[in-house]
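This report goes through a single protein chain, from its overall contacts down to individual residues. Please keep the sequence and the model in view while reading.

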Amino acid sequence: MAEGQISLSPTIYEIKIKGHLNSRWTDWFYDLAITHESDGTTTLYGPLPDQTVLHSVLDRIRDMNLRLISVAEVEAKADDQ
């Protein structure tokens with residue numbers, strides 16, 4: 001990709017929050033996969049089309065008064081391709 005060009009492919013994110021979020025919230029979080037971890041956290045994982053949608057997800061986490069642990073841009077897992 002040439003310098004200054006913007007990628008049109010979605011970016012994959014892994015967002016961790018404290019507590020276990022019910023999987024019925026998947027639609028509200030733009031179809032990110034919801035995984036309950038053994039340490040009592042929830043991981044939201046999947047592609048988001050742009051930063052605006054990422055900020056929308058983070059706003060929803062805030063509005064639900066959930067504790068945000070981390071946000072990371074990640075490489076696609078082999079089973080995602």
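## Contacts and overall make-up

Among the contacts in the chain with a separation of 6 or more, 60% are between residues 24 or more positions apart; contact means heavy atoms within 4.5 Å. The model is a predicted one, in which local features need pLDDT of at least 70 and side-chain atom pairs count only at pLDDT 80 or more, while totals for chains, interfaces and linings use all residues. Residues are numbered from 1 along each chain as its sequence is written, and side-chain values use heavy atoms, with hydrogens and water left out.

The chain has one helix and four strands, in the order β-β-β-α-β from the N terminus. These elements are DSSP runs numbered from the N terminus, with helices being H or I of at least four residues and strands being E of at least two. Of the 81 residues, 25% are buried. Buried stands for under 20% relative accessible area, exposed for over 50%, and partly exposed for values in between (1.4 Å probe, protein chains only). The accessible surface of the chain is about 5,700 Å², and carbon and sulfur atoms account for 48% of that surface. Areas come from the Shrake-Rupley method with a 1.4 Å probe; for residues, only the protein chains shown count as cover.

In soluble globular proteins, nonpolar side chains tend to be buried together. The largest nonpolar core here has 13 residues, and the members that touch the most others are Ile15, Leu44, Leu48, Val57 and Ile61. At least two residues of this core come from each of β1 (11-18), β3 (41-48) and α1 (51-63). The element that gives the most is α1, with four residues. A nonpolar core is a set of buried Ala, Val, Leu, Ile, Met, Phe, Trp, Tyr and Cys residues joined through side-chain atoms within 4.5 Å.

Which residues does Ile15 contact, leaving aside its neighbours within four places in sequence? They are Leu32, Thr42, Thr43, Leu44, Leu54, Val57, Ile61, Leu68, Ser70 and Val71.

Thr43 is in strand β3 and counts as buried because its relative accessibility is 4%. Its side chain makes a polar contact of 2.9 Å with the side chain of Lys16, and another of 2.9 Å with the side chain of Glu37. A polar contact is a pair of N or O atoms within 3.5 Å; within protein, one must be able to donate a hydrogen and the other to accept it, and residues adjacent in sequence count only if both atoms are side-chain atoms. With neighbours within four places in sequence left aside, Thr43 is in contact with Glu14, Ile15, Lys16, Ala33, Ile34, Thr35 and Glu37.

Tyr45 is also placed in β3, and its relative accessibility of 10% makes it buried. From Tyr45 to Thr35, 10 residues apart in sequence, the C-alpha to C-alpha distance is 8.0 Å.

## Ala72 in β4

Strand β4 (residues 68-74) contains Ala72, which is partly exposed at a relative accessible area of 29%. Not counting residues up to four places away in sequence, Ala72 touches Ile12, Tyr13 and Glu14. Ala72 and Ile12 are 60 residues apart along the chain, and their C-alpha atoms are separated by 8.5 Å.

## Aromatic residues

A pair of aromatic rings is described by the distance of the centres and the angle of the planes. There are two aromatic pairs in the structure. One of them, Trp28 with Phe29, is edge-to-face, at 5.8 Å centre to centre and 80 degrees between the planes. Rings of Phe, Tyr and Trp (its six-membered ring) pair if their centres lie within 6.5 Å; planes under 30 degrees apart count as stacked, over 60 as edge-to-face and the rest as tilted. Trp25, Trp28 and Phe29 form one aromatic cluster.

Buried or partly exposed: how does Trp28 count? Trp28 is partly exposed, because its relative accessible area is 34%, whereas Phe29 is buried at 0% relative accessibility. Arg60 lies over the face of Trp28, 4.7 Å from the ring centre. A charge sits over a ring if NZ of Lys or CZ of Arg is within 6 Å of the ring centre and within 35 degrees of the ring normal.

Most residues other than glycine have a negative phi. Tyr30, not a glycine, has a positive phi of about 55 degrees. Tyr30 is in the loop between β1 and β2 (33-36) and is partly exposed, at 34% relative accessibility. Asp31 also has a positive phi, near 65 degrees, and is likewise in the loop between β1 and β2. Its relative accessible area of 57% makes Asp31 exposed.
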